[in-house]
Amino acid sequence: MNLKFISILLFSFILVYLLYLIIKNPGKQTISCPDCNVVFVSFDTLRADHLHFMGYSKNTSPTLDKLASNGFIFTNAVSASSWTLPATMSWFTGVYPSVHQILNKFTLKGPNEQEISNLKKLSPGLLTMAEIFQKDGYKTGGFTGGAGVNHEFGFAAGFDEYIDDQDFAGFEYSYPKAVEWIKKNRNEKLFVFLHGYNIHGQYVPPEGYDFRFLDFTYKGKLTGSKEEQLNLREEGLAQGKLFLTQDDVRFLTALYDEKIARADEEFSKFYQEFKKLGLLEKTIFVITSDHGEELYEHGQIDHGHSLYQEVIHVPLLIIIPGIKGALISQQVRSIDLLPTILTIIGAGTDQKIFSQFQGKNLTDTMKGDNLNLQAFSETDYRYAVFKRAITSADSWKYITDLETSNNELYSLKNDPGEKINRIDTNKIEKDTLRLTLEEIINSNKRK
């Protein structure tokens, strides 16, 4: 056997072995879709643990389940806030609420003076997602349910078209307008923000509930109306706790699950219309929620008033054409979405823009690397609560109330429902997270 033959044999063996490693480790593929369209979908008020593909027992999300089978499923995504206005603006800017300063609908100017909070007035140096896409040559369209994502707060910046003329509207209102606009601009590079309030407490299905998930005879006083939800929310906010029966909670949970299923159905109609346009092979879908919803786990309903997992643990799917997805269990944050999307489409070369972001590019995470990210969340909901939370990469969570100085510590691994406050028993974890939280709060003040 001569030396040349041995060299060829060895080279062939190495080549076959490398191909084997590539096939065996698909997560190491390149996470890229240059100049692809981006459809960013916000299922407002959707908590992660009520989706079937996230392990929920009820079949609430058949459309999302199917899409999830081909995408990157982030099972531990954490929102920057627990209500729409600050959480959505953190998507749009890649920074925390205390940095973009859209903390409430109104900014207090004095004892008896306030004005509508607006990004360009409060943080004029920040670019929004749509502005960045627009600079990169994209046509930009936003189709929303208004209310907390109204253009007055600065959400319309960078959009060629932005629909927000009906408050608390569902996908059945926003998606037909999106489809019409996409058809007109289908030959352009497109960025679409699609948003619906179908799951929100201030939304009731136009044809009424069909009680598809109600598995018992409810004899209580609740009806699931918008007015009722508003009254319960305000009562909980004023008193810090509601008094509901177990059957009341089961009833409200069944209605919540029904609204998820109906939202899934409406989104399916949009997806099928989009599919008919032949754009799927060059379109990235990002599907997520701004925040979740408390269903009496900690004595209240609604959102914004706390930072427990039911209101900040959100679903996140990223579907990229031609790329096999994966299940990603490590913690990621909503502020990571913007730098990640820009990197995937190849628009991540402007270091001046990327220097704005507090979030990280997750494409290495999508390849299987571990970034060990800690998650910070905050809420100053309606100037009634002032809370901050930090969750470590190994699932220890510290919550502080800036007004009352009450502190809480939970091991999410052993206590996912946050029922056992370990603030007096786990000093090392408490002190470590307290210092980390203080550093983030101080850093955000300096930015």
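## The largest cavity

Lining the largest cavity are 15 residues, and among them Gly201, Gln229, Leu252, Lys259 and Glu293 lie nearest its centre. The model described here is a predicted one, and the volume of this largest cavity comes to about 190 Å³. A search of the whole structure finds three cavities of 30 Å³ or more.

Which helices each supply at least two residues of this lining? They are α8, which runs over residues 226–239, and α9, which runs over residues 246–276. Helix α9 gives the most to the lining, with four residues. Sorted by class, the lining of the largest cavity is made up of eight nonpolar, four polar and three charged residues.

## The second largest cavity

The second largest cavity holds about 40 Å³ of space. Its lining is formed by Ala77, Trp91, Thr288, Ser289, Val314, Leu316, Arg333, Ser334 and Leu337, and by class these amount to five nonpolar, three polar and one charged residues.

## Helix α3

Trp91, one of the residues that line the second largest cavity, is also one of the buried residues of α3. Helix α3 covers residues 84–93 and is mostly covered, with 10 of its 10 residues buried. The buried residues are Thr84, Leu85, Pro86, Ala87, Thr88, Met89, Ser90, Trp91, Phe92 and Thr93. After the helix comes Gly94, whose phi is positive, near 75°.

## Helix α7

In α7 the buried residues are Phe171, Ser174, Tyr175, Ala178, Val179, Trp181 and Ile182. An α-helix has 3.6 residues a turn, so residues three or four places apart point the same way.

Tyr56 is placed in the loop between β1, residues 37–43, and α2, residues 62–68. Is Tyr56 buried or exposed? Its relative accessible area is 14%, which is under the 20% limit, so Tyr56 counts as buried.

Leaving out residues up to four places away in sequence, Tyr56 touches Asp49, His50, Leu51, Thr253 and Asp257. Two polar contacts join its side chain to others: one is with the side chain of His50, at 3.3 Å, and another is with the side chain of Asp257, at 2.6 Å. By contrast, Asn150 is 94 residues from Tyr56 along the chain, and the C-alpha atoms of Tyr56 and Asn150 are separated by 32 Å.

## Gln309 in helix α10

Gln309 is found in helix α10, which covers residues 309–312. With a relative accessibility of 14%, Gln309 falls under the 20% limit and therefore counts as buried. When its neighbours within four places in sequence are set aside, Gln309 is in contact with Lys397, Leu412, Pro416 and Glu418.

Technical notes. Residues numbered from 1 in each chain as written. Predicted model: local features only at pLDDT ≥ 70, side-chain atom pairs only at ≥ 80, totals over all residues. Heavy atoms only, no water. Buried < 20%, exposed > 50% of the residue type's maximum accessible area, 1.4 Å probe, protein only. Contact = heavy atoms within 4.5 Å. Polar contact = N/O pair within 3.5 Å; in protein donor to acceptor, adjacent residues only side chain to side chain. 1 Å grid on protein atoms, 1.4 Å probe; cavity = no way out; pocket = protein on both sides within 12 Å on 5 of 7 lines; lining within 4 Å. Points joined across faces, edges and corners; volume = space filled by probe spheres on them. Nonpolar A, V, L, I, M, F, W, Y, C, P; charged D, E, K, R; others polar.
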